[in-house]
Amino acid sequence: MTTPVNLNRYRKEKARAEKRARADSNAVKFGRSKAEKSRELAREEKAARDLDGHRRDQ
């Protein structure tokens, strides 16, 4: 005879794998790392400061 199989374990492993696959696809679609987001924000702020610095007062 074979050993009994715990079906709950396999069900949970399958759910975890599906969740991980969905998270990976979303990361590819939408994801940027925190460093990339902060770098882009810093660039936008610097560009705004530079533009304000070149303004002429009327």
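Good morning, colleagues. The model before you is a predicted one, and every value I quote was computed from it.

What does the side chain of E40 meet? It meets the side chain of R32 in a salt bridge, with 2.5 Å from N to O. R32 is likewise partly exposed, as its relative accessible area is 42%.

How many salt bridges does the structure hold? There are three, and I shall take the remaining pairs in turn.

One of them joins D50 to K46, and here the closest N and O atoms are 2.9 Å apart. Both residues belong to helix α2, which covers residues 34-53. They sit four residues apart, or about one turn of the helix. D50 has a relative accessible area of 37% and is therefore partly exposed. K46, at 44%, is partly exposed as well.

Another salt bridge links R55 with D52, where the closest N and O atoms are separated by 3.3 Å. Is R55 buried or exposed? With 57% relative accessibility, R55 counts as exposed, since the cut-off for that class is over 50%. D52, in contrast, falls in the partly exposed class, with a relative accessible area of 46%.

Let me now turn to the other helix on my list, α1. This helix runs over residues 7-30. It has 24 residues, and the distance from its first C-alpha to its last is 34 Å. That span is close to the 34 Å expected at 1.5 Å a residue.

What happens at the start of α1? There, a side-chain oxygen of N6 comes to within 3.1 Å of the backbone nitrogen of N8.

L7 also deserves a comment, as this residue lies in α1. L7 is exposed, because its relative accessible area is 64%.

The structure holds three salt bridges, among them the pair of R32 and E40 and the pair of D50 and K46 within α2. Thank you for your attention.

Conventions: Residues numbered from 1 in each chain as written. Predicted model: local features only at pLDDT ≥ 70, side-chain atom pairs only at ≥ 80, totals over all residues. Heavy atoms only, no water. Helix = DSSP H or I, 4+ residues; strand = E, 2+ residues; numbered from the N terminus. Buried < 20%, exposed > 50% of the residue type's maximum accessible area, 1.4 Å probe, protein only. Expected span 1.5 Å × (residues − 1). Polar contact = N/O pair within 3.5 Å; in protein donor to acceptor, adjacent residues only side chain to side chain. Salt bridge = Lys/Arg side-chain N within 4 Å of Asp/Glu carboxyl O.
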